[in-house]
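User: Can you walk me through this one? I'd like to see how you get to each answer.

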Amino acid sequence: MLRIIWKMSLRRLNPLIKNPIAIIISMFQSIIWLVLFGTLFSGITKLSGFAYDSYIAYMLPSIITMNALFIGIYLGLGTISDLHSGVLQRFLVAPIGRLSIIFSDLLYLVILQLIQSSLIIIISLIMGVRLPFGLWGALLYIFVPIVFAIAVGSLSISAAVITKKHESMINVMQFCSMPLMFLSSAFMPQELMPKWIRWVCKINPVEWTIGLERSVVDGLGLINWAPYAIILFIFMLASIGFCVYSFDLYRRSL
């Protein structure tokens, strides 16, 4: 099964291997946010209640999480292309199993997120950011958004096999991406937010991801970051389960 998953993942990875510049292009928006907005809003660090000396350092886990959100949401477009070309139908009747189809796309997602997170961290280091805990801090910033990306990617694949239309998927992306980011502490601490946004943060998966990273980095202790870790892990498992269920429904409809 692992060999099949890897070979199917290469189907997605080969275009990036042949044209590596596509990796940079696909993360261009995240780089713009890090460089432009990180510099533009650097004065926020002077506000009372803002605990970070560098706004770019504060934004770094947010930007990596935002990149994971975009990659995860766009994963479903590949599924729709496979569906319209008949590739997905052939996979479903082949003796490979639906889990191999799902996990191959998720493996591609993990590899892409790993590469892009590393590049974002390197850019932030060039801009003068110093990571807490050094290498361990970098691994934290890389690993936690990967868990989040797997959850979002699974939901994106589910939306693809349910809607079966590029237009519907694009609407889902536009509806979900920016509101999820701005209704979290991605760009502003919760202490400086309106009360109703702080309440929304509690049910926002983006906030679970960023909150887990910052709680660990800030040394808040197990009692503070464990709830974020548990709910994020449950979110990932539930998303994968729903993805498998969606594939079953689609296969029965053939």
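User: How many helices and how many strands does the protein have?
Analyst: First off, this is a predicted model. Going from the N terminus, the elements run α-α-α-α-α-α-α-α-α-α-α. So the count comes to eleven helices and zero strands.

User: Is Trp 33 buried or exposed?
Analyst: Buried means under 20% relative accessible area. Trp 33 has 11% relative accessibility, so Trp 33 counts as buried.

User: How many residues apart in sequence are the parts tied together by Trp 33 and Phe 182?
Analyst: These two form a tilted aromatic pair, 5.9 Å centre to centre with 55° between the planes. Trp 33 sits in helix α3 (residues 28–40), while Phe 182 belongs to helix α8 (residues 166–182). So the pair ties together parts whose separation in sequence is 149 residues.

User: Which residues do ring pairs link into a cluster with Phe 182?
Analyst: Phe 182 is partly exposed, at 46% relative accessibility. Its ring also pairs with Phe 187: the centres are 5.3 Å apart and the planes at 45°, so that pair is tilted. Phe 187 itself is buried, at 11% relative accessibility. Together with Phe 182, the cluster holds Trp 33 and Phe 187.

Definitions and conventions: Residues are numbered from 1 along each chain as its sequence is written. This is a predicted model: local features need pLDDT of at least 70, side-chain atom pairs count only at pLDDT 80 or more; totals for chains, interfaces and linings use all residues. Side-chain values use heavy atoms; hydrogens and water are left out. Helices (H or I, at least four residues) and strands (E, at least two) are DSSP runs, numbered from the N terminus. Rings of Phe, Tyr and Trp (its six-membered ring) pair if their centres lie within 6.5 Å; planes under 30 degrees apart count as stacked, over 60 as edge-to-face and the rest as tilted. Buried means under 20% relative accessible area, exposed over 50%, partly exposed in between (1.4 Å probe, protein chains only).
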